[in-house]
Amino acid sequence: MNKSISIYRQLAVLKTFDEEEEEERLLRVSPLGGEERIQDQEPTVLMAGDNNNNNSSEEVDASVLKVYDQGVEIPETAHQISSDSWFQVGFVLTTGINSAYVLGYPGTVMVPLGWIAGVIGLIIATIVSLNANALIAKLHEFGGKRHIRYRDLAGHIYGRRAYALTWGLQYVNLFMINTGYIILAGQALKAAFVLFWKDDHTMKLPYFIAIAGFVCALFAIGIPNLSALGVWLGVSTVLSTIYIVVAIWLSVRDGLKNPARDYSIPGTTATKIFESIGACANLVFAFNTGMLPEIQATIRQPVVENMMKALYFQFSVGVLPMFAVTFVGYWAYGNSSSSYLLNNVSGPVWMKAAANISAFLQSVIALHIFASPMYEFLDTKYGIKGNALAVRNLTFRVTVRGGYLAINTLVSALLPFLGDFMSLTGAVSTFPLTFILANHMCLVAKRTKLPSSQKMWHWLNICFFCVASVAAAIAALRLIAVDSKTYHVFADL
């Protein structure tokens with residue numbers, strides 16, 4: 001059966017399906033379990049306005065087109081797509097994995113797990129994360145069209161309810177990641193400040209978080225979309241190199257000077273259990289974005305092949321700096337490693353200041369990557385496209401992006417418990433988006449082509465990560481409750 005629908009201008013041309021693929025798409029598995037027979041639907045294109053013969057298909061403004069897939073409206077993006085090389089996309093992914101969050105992994109991953117579980121856990125997390133991201137990347141053109149948003153892919157496979165659920169999970173995931181970045185930026189700014197001025201608590205952490213949020217808003221206003229980062233990815237790489245090299249160098253110096261270190265896991269039995277579960281959530285949080293289709297949308301054709309190159313780059317060369325700073329930091333300070341490694345190190349003031357300022361600036365750039373799906377949603381919804389410096393577009397970014405980041409900043413200042421946020425983010429959104437949904441979507445999309453052993457493997461992953469997600473969420477909420485009793489809101493940590 002050959003079907004093709006031409007979607008005017010910048011919309012993708014749907015590929016033809018052979019009869020086997022067409023029959024496969026007739027039988028869908030409900031995301032809530034069980035199977036249901038649904039009517040196969042090709043994406044439908046509707047055009048607003050009259051059907052004046054003077055308007056040829058080539059002259060129709062894409063902004064008046066509406067595309068429906070399985071009853072879900074799929075808006076045309078206002079952002080740039082299909083323009084970036086796999087190498088640039090690889091740097092986007094590497095920027096996320098080697099963000100200033102890596103400075104927290106000695107304290108938030110290694111301290112609760114110890115050497116054996118920590119090292120093995122990081123290696124396993126690397127492998128399973130590469131596998132899960134590859135599953136999502138290979139579904140990018142499932143059904144003969146590009147799915148440039150995670151929710152679009154879920155909606156195409158499952159329908160309207162899954163579309164809404166996926167968007168909700170992704171929104172929570174990215175909001176919490178961005179909250180963590182603002183906390184990180186505030187911590188880095190405060191750490192740089194106290195190197196030159198006495199820490200008399202006149203300038204508290206919430207003040208630095210507010211400054212960080214303001215700088216993030218300025219950057220968001222100036223950079224219209226993900227592809228526009230361009231040279232800023234190179235700047236981010238330089239900044240990451242500075243704080244990682246300084247952290248490793250000063251940690252090695254401290255480790256050689258102070259050989260007596262305690263690597264035992266601190267706390268009571270209950271504390272050890274809950275913190276180790278939270279650390280496992282941090283493991284998967286370290287490698288995954290929860291927005292892979294949005295990043296893949298920017299890559300040039302062939303999108304699957306190029307995305308796999310970017311993923312291999314991320315999970316080979318990209319993970320080495322993170323591994324180095326995590327293991328060296330824990331080796332140097334043992335169970336006294338903090339959730340921000342630069343608070344542990346000793347050395348020249350100028351070197352520590354450079355590292356902290358680099359961590360601050362890199363957090364601003366990295367936040368923009370993880371906030372881009374929300375920016376794309378808002379820009380598309382309100383038709384913000386064209387010249388980025390146009391008065392309407394600039395005013396919109398100032399108002400809407402500034403307001404969004406103001407809410408992020410308020411939450412960051414209210415509960416500045418970075419390690420707890422990492423655990424909760426991994427539990428409630430990274431686990432479902434990256435592991436549970438990826439494996440289930442693969443089962444649904446390729447159900448007639450997978451051997452029984454592979455189907456069993458996917459179901460094993462789904463069940464395991466469901467249990468892990470619930471356990472990690474409970475552990476993270478307990479940690480936040482404990483810290484909230486120890487520290488008041490707007491705490492100066």
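**Helix pairs, cavities and a cis bond**

Reader: At roughly what angle do the axes of helix α7 (residues 231-257) and helix α11 (residues 319-333) cross?

Author: Helices here are DSSP runs (H or I, at least four residues), numbered from the N terminus. Axes are lines fitted to C-alpha atoms over the stretch in contact, with angles running from 0 to 180 degrees between N-to-C directions. The axes of α7 and α11 come within 8 Å, and they cross at roughly 25°.

Reader: What pLDDT do side-chain atom pairs need to count?

Author: Residues are numbered from 1 along each chain as its sequence is written, and side-chain values use heavy atoms, with hydrogens and water left out. This is a predicted model, where totals for chains, interfaces and linings use all residues, local features need pLDDT of at least 70, and side-chain atom pairs count only at pLDDT 80 or more.

Reader: So are α7 and α11 roughly parallel or roughly antiparallel?

Author: Under 35 degrees counts as roughly parallel, over 145 as roughly antiparallel, 65 to 115 as roughly perpendicular, and the rest as oblique. The crossing is left-handed, meaning the near helix is turned anticlockwise from the far one by less than a right angle (clockwise would be right-handed). Given that angle, α7 and α11 are therefore roughly parallel.

Reader: How many charged residues does the contact of α7 with α11 have?

Author: Contact means heavy atoms within 4.5 Å. Among the residues that meet are I244, A247 and D254 in α7, and P321, A324 and W331 in α11. Ala, Val, Leu, Ile, Met, Phe, Trp, Tyr, Cys and Pro count as nonpolar, Asp, Glu, Lys and Arg as charged, and the others, Gly among them, as polar. On that scheme the contact has 13 nonpolar and three polar residues, and the charged count is one.

Reader: Is the crossing of α3 and α8 left-handed or right-handed?

Author: The axes of helix α3 (residues 105-138) and α8 come within 8 Å and cross at roughly 45°. That makes α3 oblique to α8. As for the hand of the crossing, it is right-handed.

Reader: Which residues lie nearest the centre of the second largest cavity?

Author: A cavity is a set of points on a 1 Å grid over the protein atoms alone where a 1.4 Å probe fits but cannot get out, and lining residues have an atom within 4 Å of a point. The lining of this one divides into ten nonpolar, five polar and no charged residues, with α2 (86-97), α5 (160-193) and α8 (269-287) each supplying at least two. Of its 15 lining residues, those nearest the centre are G96, F285, A286, N288 and F370.

Reader: Which residue does a cis peptide bond join to Q301?

Author: Look in the loop between α9 (292-296) and α10 (303-314) for P302. Omega is about -5° for the cis bond, and the partner of Q301 is P302.

Methods
On a 1 Å grid over the protein atoms alone, a cavity is a set of points where a 1.4 Å probe fits but cannot get out, and a pocket is an open set with protein on both sides within 12 Å along at least five of seven lines; lining residues have an atom within 4 Å of a point.
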